[in-house]
Amino acid sequence: MSIKQNLQDIKASLPEHVTLVAVSKTKPINDLMEAYEAGQRVFGENKIQEMAQKYDVMPKDVEWHMIGHVQRNKVKYIASFVSLIHGVDNLKLLQEINKQAQKHDRVIDCLLQIKIASEDSKFGMSPEDASTLLQSERLQELKNIRVTGLMGMATFTDDMNQIENEFSYLKETFDTLQQFSTFNCQLSTLSMGMSGDYQLAIDCGSTMVRVGSSIFGARNYN
Ligand SMILES: *Cc1c(COP(=O)(O)O)cnc(C)c1O
């Protein structure tokens, strides 16, 4: 199946309020352009350098989402153009994003990553730590970032019951934290769901799905 056909099929299955992030990590520009020509404008990458290189050559109306873990010292490479950073899990990183955004006279939208998986390897904050961060005075000082939602990744498992429990937990956290609303914090985006589980994620309240292999085919990391 072609990238264009895959995209059309997935888009047709999404409710209108759900944003599709086409996860293009490891894929060549030709593949991204095929998706672009089929109308896709939101792309997700998980490596800073790869995203910066693709930004340079792709049309300028693409919205670039950083979906991977971000090291503080690399924020500067994407600060001029990134439109949403999904994986923010501490205040220091938010402060650095704010500092770099300020240099470009921009406001960068961020999602707080919540740890919902049972595996140790996944990044993310506890709901309690996210709650503390959202109420901290330090957050109020950051005029060049906006916290617009939450992101989470379920455990890598075939057990759909477990995945559903993890998504529901993230949705409850999202609903609870929505009360903390300030000038630079309004939680409206819930980023959860990938190729294998995005339909379930939408049933559980997702408003943004990050889909890679179902659009572009399996990735080859060699
Ligand atoms: C790679 C990746 C995806 C997409 O995964 P697929 O299973 O290929 O859809 C989604 N989210 C994150 C954070 C990723 O790193």
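I began with the helix pair: the axes of α1 (residues 3-13) and α2 (residues 29-37) come within 9 Å and cross at roughly 45°. That angle makes α1 oblique to α2 (under 35 degrees is roughly parallel, over 145 roughly antiparallel, 65 to 115 roughly perpendicular, the rest oblique). Axes here are lines fitted to C-alpha atoms, with angles from 0 to 180 degrees between N-to-C directions. Helices are DSSP runs of H or I with at least four residues, and strands are E runs of at least two.

I noted the source: this is a predicted model, where local features need pLDDT of at least 70 and side-chain atom pairs pLDDT 80 or more. Residues are numbered from 1 along each chain, and side-chain values use heavy atoms.

Next I looked up the contact (heavy atoms within 4.5 Å). Ile3, Lys4 and Leu7 of α1 meet Asp31, Glu34 and Ala35 of α2.

Then I turned to salt bridges (a Lys or Arg side-chain nitrogen within 4 Å of an Asp or Glu carboxyl oxygen). I found a count of five. Glu45, Glu50 and Lys54 are linked in a network. Lys54 pairs with Glu45 at 2.9 Å, N to O, and with Glu50 at 2.8 Å. Lys54 and Glu50 both lie in helix α3 (residues 48-57), four residues apart.

I checked burial (buried is under 20% relative accessible area, exposed over 50%, partly exposed in between, with a 1.4 Å probe and protein chains only). Lys54 is buried at 6% relative accessibility.

Last, I looked up Asp109 and Arg146, whose closest N and O atoms are 2.9 Å apart in a salt bridge. Asp109 lies in strand β5 (residues 108-113) and Arg146 in strand β6 (residues 145-151), so the pair ties together parts 37 residues apart in sequence. Asp109 is buried at 17%, while Arg146 is partly exposed at 34%.
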